[in-house]
Amino acid sequence: MIPIRIVETEREDFDEPVVELWMENEFVGMVFWDGSSTIVQIYPAGDDDIHDLEIRDLFRALEMAERIVDPLAFDQVDGLIELGGGRAQAKREEPEDDWSEEDPSTVELLSEFDPLAAFRSEDGEGFFPKEVAERFVRRCEELRLAVVEMEGFDLITGELKARPGLELVVRPQPVMSAAEFCSHANATALDHLTGWPVRDSLVVAFVVQQQDGETIVA
């Protein structure tokens, strides 16, 4: 299923931002504030077709969209901090940190993939099935985030078992710009990942680097 991506836009007939919903290059709908509540409009697909939307992905996109278009959304601090699963919980325990100040690309990535984790450790680290992991890397490339560490495990009866040889660490190269390194890291990660075994028990953990150089555990 192609994930829904959101695009914030300004339109002449609207006082607040409007969020468009897209699946690759296909327009799905839009979310906007009508002065008293948040409205979502879903448009039919072309050629009398219909849009098949994965319900958790739709909820994720609508939640993000509401926080953009609703002028009161940022007053709801608890809801805002919900993003990021276990990592968000850690931020809640540190009052000086404000999740709204995080890199928007990181917020979008985490909110999109947190529900897709097959397993989460006690500290919030996510482990993703291989199919989801491949989508994760491609999404990082779209958001200009670099996968700098990747490790494979087998998830067996709720327990993680490390698998030697299923590791990757990509370090910055002095001759590369930040943009070049991002593409290099993601291409390297995807190349390694596609060569890893195909089995239902395989899950993958990631460390991602933002454009400002900070790294996060997904």
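Is Pro 17 buried or exposed, and why does it count that way?

Author: This is a predicted model, and what follows should be read with that in mind. Pro 17 counts as buried, because its relative accessibility is 14%, and the limit for that class is under 20%. As for where the residue sits, Pro 17 belongs to the loop between β1, which covers 5-9, and β2, which covers 18-23.

The surroundings of Pro 17 can be described through its contacts. When neighbours within four places in sequence are left aside, Pro 17 is in contact with Glu 8, Thr 9 and Glu 10, and also with Ile 68 and Val 69. A further relation concerns Phe 32, which lies 15 residues from Pro 17 along the chain, and whose C-alpha atom is separated from that of Pro 17 by 7.0 Å.

The protein has 6 helices and 10 strands, and among contacts between residues at least 6 apart in sequence, 54% join residues at least 24 apart. Its accessible surface comes to about 11,900 Å², with 50% of that belonging to carbon and sulfur atoms.

Arg 144, in the loop between α5 and β7 (146-156), has a positive phi of about 60 degrees although it is not a glycine, and it counts as partly exposed because its relative accessibility is 27%. Thr 157, in the loop between β7 and β8 (159-169), is likewise not a glycine and has a positive phi of about 45 degrees; with a relative accessibility of 77%, Thr 157 therefore counts as exposed.

The space in the second largest pocket is about 260 Å³, and its lining consists of Ile 2, Pro 3, Ile 4, Arg 5, Glu 24, Glu 112, Arg 135, Arg 138, Arg 139 and Glu 142. Sorted by class, that lining has 7 charged residues and 3 nonpolar ones, with no polar residues.

Terms used
Residues are numbered from 1 along each chain as its sequence is written. This is a predicted model: local features need pLDDT of at least 70, side-chain atom pairs count only at pLDDT 80 or more; totals for chains, interfaces and linings use all residues. Side-chain values use heavy atoms; hydrogens and water are left out. On a 1 Å grid over the protein atoms alone, a cavity is a set of points where a 1.4 Å probe fits but cannot get out, and a pocket is an open set with protein on both sides within 12 Å along at least five of seven lines; lining residues have an atom within 4 Å of a point. Grid points are joined across faces, edges and corners, and a volume is the space filled by probe spheres set on the points. Ala, Val, Leu, Ile, Met, Phe, Trp, Tyr, Cys and Pro count as nonpolar, Asp, Glu, Lys and Arg as charged, and the others, Gly among them, as polar. Helices (H or I, at least four residues) and strands (E, at least two) are DSSP runs, numbered from the N terminus. Buried means under 20% relative accessible area, exposed over 50%, partly exposed in between (1.4 Å probe, protein chains only). Contact means heavy atoms within 4.5 Å. Accessible areas come from the Shrake-Rupley method with a 1.4 Å probe; for residues, only the protein chains shown count as cover.
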